[in-house]
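Colleague: I have the sequence and the fold open on my screen. Could you walk me through some of the contacts with me?

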Amino acid sequence: DIDNSLQYSEIRTAQFGADTFYSLYNNPTNGADLVIKTNQLPASLLIFDASGKKLKEIILNAGTYSLPVHELAAGTYLAVLSKDGKVMGVEKFMVSH
């Protein structure tokens, strides 16, 4: 410091990663259902292709949902979880057959 004085600040704990709103399993998937788990209910799950086109909108009322991917072409997709019009999280997933 300019005046050569010291002052200590209060020690605070910072917690990172506590705001995990949802997760995807079987990613990348080779045709098996993609499992979505969330604690934000009810919520909307939007699926977009790599060009940004919305393919699906699913209303989630349960903590675990299985998304069948057999109807999706092989490629990269985005899963967007929203609640009350607010985006809670975005995850990329890959499908191969």
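**Contacts around the strands**

Modeller: Let me begin with a contact: the backbone nitrogen of Gln40 lies 3.0 Å from a polar atom of the side chain of Thr38. A polar contact is a pair of N or O atoms within 3.5 Å; within protein, one must be able to donate a hydrogen and the other to accept it, and residues adjacent in sequence count only if both atoms are side-chain atoms. Please keep in mind that this is a predicted model, where local features need pLDDT of at least 70, side-chain atom pairs count only at pLDDT 80 or more, and totals for chains, interfaces and linings use all residues. Residues are numbered from 1 along each chain as its sequence is written, and side-chain values use heavy atoms, with hydrogens and water left out.

Colleague: Thanks! Is Thr38 buried or exposed?

Modeller: Thr38 lies in strand β2, residues 34-38; strands (E, at least two residues) are DSSP runs, numbered from the N terminus. Buried means under 20% relative accessible area, exposed over 50%, and partly exposed in between, with a 1.4 Å probe and protein chains only. Thr38 has 10% relative accessibility, so Thr38 counts as buried.

Colleague: And where is Gln40 placed?

Modeller: Gln40 is buried too, with a relative accessible area of 15%. The side chain of Gln40 also makes a polar contact with the side chain of Asn39, at 3.1 Å. Its place in the chain is the loop between β2 and β3 (43-49).

Colleague: Which residues does Gln40 touch, leaving out those up to four places away in sequence?

Modeller: Contact here means heavy atoms within 4.5 Å. With residues up to four places away in sequence not counted, Gln40 touches Phe21, Leu81, Lys83 and Met88.

Colleague: Why is β2 largely enclosed by the rest of the structure?

Modeller: Two strands pair if DSSP finds at least two bridges between them. β2 is joined to β1 by 4 bridges, running antiparallel, and Leu24 stands opposite Ile36 in β2. Another 4 bridges join β2 to β5, also antiparallel. The strand is largely enclosed because of its buried residues, 4 of the 5.

Colleague: Which residues have the most contacts inside the largest nonpolar core?

Modeller: A nonpolar core is a set of buried Ala, Val, Leu, Ile, Met, Phe, Trp, Tyr and Cys residues joined through side-chain atoms within 4.5 Å. The largest one has 18 residues, and those with the most contacts inside it are Leu45 and Phe93. The elements that give two or more residues to this core are β1 (22-25), β2, β3, β4 (54-60), β6 (75-83) and β7 (86-95).

Colleague: How far apart are the closest N and O atoms of Glu57 and Lys54?

Modeller: A salt bridge is a side-chain nitrogen of Lys or Arg within 4 Å of a carboxyl oxygen of Asp or Glu, and by this rule the count comes to 2. Glu57 is partly exposed at 47% relative accessible area, and Lys54 is partly exposed at 44%. Glu57 forms a salt bridge with Lys54, and their closest N and O atoms are apart by 3.2 Å.

Colleague: How many residues apart in sequence are the parts that Glu71 and Lys56 tie together?

Modeller: The side chains of Glu71 and Lys56 meet in a salt bridge of 2.4 Å, N to O. Glu71 lies in the loop between β5 (64-67) and β6, and Lys56 in strand β4, so the pair ties together parts whose separation in sequence is 15 residues.
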